[in-house]
Amino acid sequence: MTTPHTTTAWSVAPEAVTSADAAALWRAYHTEVSDRWYLLHEGRRTDPDELEREIAAGTGGGLAPPGGALLVARYDGAPAGTAGVRMVEEGVAELKRVFLLPACRGRGGAALLVAAAEGTARAMGARRMILDTRHDLVEARALYARLGYRETGRHNDEPYAEHWFTKDLTGP
């Protein structure tokens, strides 16, 4: 693992996917992306029963050591966001669950989370990072482009993925 990343207000460190803070952030992440999809495609929020089933079914998704890690960002000590890394093949890591609570956005936390995830991936032996995202997550797509990720062709069969990105981790 890498050492924690810290700035004046922000800190980012590995945390178990089963921690209370990680679980609360998973709930916030899943609620937001699910509601966004349903509002865009069906004009409604996620059915509460469906949301509870999906949150409960959500696993660490390979975000536990030794093949993965979940990073939790804290802003002034309070849980604020997550980023996950998992190795998908030799030399290739996947970036997952990049998320900040709405009240913490616009303060540099997303770039700090992604940088910490890249450092973690390098420490795990990754030379390249890949990720997928949806078309409606325009903020995420802009973030990845700003951080040096380039859009590529499809690299998985995720049902909700519409954009795929990659970044070489061997450079400066």
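A word on terms: helices are DSSP runs of H or I, at least four residues, numbered from the N terminus.

Now some ground rules. This is a predicted model, so local features need pLDDT of at least 70, side-chain atom pairs count only at pLDDT 80 or more, and totals for chains, interfaces and linings use all residues. Residues are numbered from 1 along each chain as its sequence is written, and side-chain values use heavy atoms, with hydrogens and water left out.

Back to helix 3, residues 109–123. Its 15 residues should span 21 Å at 1.5 Å a residue, and the end C-alpha atoms are 21 Å apart, which agrees. The expected span is 1.5 Å times one less than the number of residues.

How many of the 15 residues of helix 3 are buried? The count is 11, so the helix is mostly covered. Buried means under 20% relative accessible area, with a 1.4 Å probe and protein chains only. Among them are Gly109, Val114 and Thr120.

Take leucine 112, also in helix 3. Leucine 112 counts as buried because its relative accessibility is 15%. From aspartate 47, leucine 112 is 65 residues away in sequence and 33 Å away in space, C-alpha to C-alpha.

Last, another pair. Helix 1 (residues 20–42) and helix 2 (residues 48–57) make a contact, meaning heavy atoms within 4.5 Å. On the helix 1 side we have Trp26 and Tyr38, among others; helix 2 brings residues including Leu51 and Ile55. Thanks.

Technical notes: Helices (H or I, at least four residues) and strands (E, at least two) are DSSP runs, numbered from the N terminus. Buried means under 20% relative accessible area, exposed over 50%, partly exposed in between (1.4 Å probe, protein chains only). Axes are lines fitted to C-alpha atoms, for helices over the stretch in contact, and angles run from 0 to 180 degrees between N-to-C directions.
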